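Biologist: I have a chain open and would like to talk it through. Can you put it on screen?

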Amino acid sequence: FFSGLAESDLICMNKYESEAYTKALGADHISILSKRLSVDICVTDGDKGSTYYSNGETKEYSSVKVECVDSCGAGDAFLAALVATGDVSMANKWAALSVTKQGTEVPKMEELDEL
């Protein structure tokens with residue numbers, strides 16, 4: 001299973017998944033896993049933002065503060081925006097907008113401009 005991850009360009013996971021993967025592979029930190037697999041890894045941590053690991057570099061991205069109505073679908077919203085734009089800051093904004101709605105309603109682009 002883990003060898004298949006090395007064939008990826010990017011792995012996106014939440015904080016709890018990253019902790020499970022590092023433990024399962026005997027790594028001390030997700031950055032070591034990123035180096036070991038030679039793959040970029042983005043770890044989301046809800047309202048604490050996200051961290052991107054690439055080529056031994058680590059970059060932290062702040063979350064966007066909003067009033068959370070329902071966190072259902074936030075991870076999917078983040079991943080969709082990250083894949084579509086390649087921009088972690090944009091993905092954080094899109095996920096933040098998604099939690100201001102009940103259920104998995106997709107935000108509107110106009111809302112992004114207002115954020």
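**Chain and loops**

Modeller: Of the contacts in the protein chain with a separation of 6 or more, 45% are between residues 24 or more positions apart; contact means heavy atoms within 4.5 Å. This is a predicted model, where local features need pLDDT of at least 70, side-chain atom pairs count only at pLDDT 80 or more, and totals for chains, interfaces and linings use all residues. Residues are numbered from 1 along each chain as its sequence is written, and side-chain values use heavy atoms, with hydrogens and water left out.

Biologist: What is the order of elements from the N terminus on?

Modeller: The elements run α-β-α-α-β-β-β-α-α-α, and the chain has 6 helices and 4 strands. Helices (H or I, at least four residues) and strands (E, at least two) are DSSP runs, numbered from the N terminus.

Biologist: What is the radius of gyration of the protein chain?

Modeller: It is 15 Å, close to the 13 Å that the globule rule gives for 115 residues, so the chain is as compact as a globular protein of that length. The radius is taken over C-alpha atoms, and the rule is 2.2 Å times the number of residues to the power 0.38. The C-alpha atoms fill a box of roughly 40 × 20 × 20 Å along the principal axes.

Biologist: How much of the chain is buried?

Modeller: Buried residues are 37% of the 115. Buried means under 20% relative accessible area, exposed over 50%, and partly exposed in between (1.4 Å probe, protein chains only).

Biologist: Switching topic. Where is serine 34, and is it buried or exposed?

Modeller: Serine 34 is in helix H3 (residues 30-37). It is buried, with a relative accessible area of 5%.

Biologist: Which residues is serine 34 in contact with, leaving aside neighbours within four places in sequence?

Modeller: Those are Val39, Asp40, Ile41, Tyr53 and Ser54. As for valine 39, its backbone oxygen lies 2.6 Å from a polar atom of the serine 34 side chain.

Biologist: And serine 38, what about its phi?

Modeller: Serine 38 has a positive phi of about 50°, although it is not a glycine. It sits in the loop between H3 and strand S2 (40-44) and is exposed, at 63% relative accessible area.

Biologist: Where does asparagine 55 lie?

Modeller: Asparagine 55 is in the loop between strand S3 (50-54) and strand S4 (57-61). Its phi is also positive, near 50°, in a residue other than glycine. Asparagine 55 counts as exposed, at 73% relative accessibility.

Methods
A polar contact is a pair of N or O atoms within 3.5 Å; within protein, one must be able to donate a hydrogen and the other to accept it, and residues adjacent in sequence count only if both atoms are side-chain atoms.
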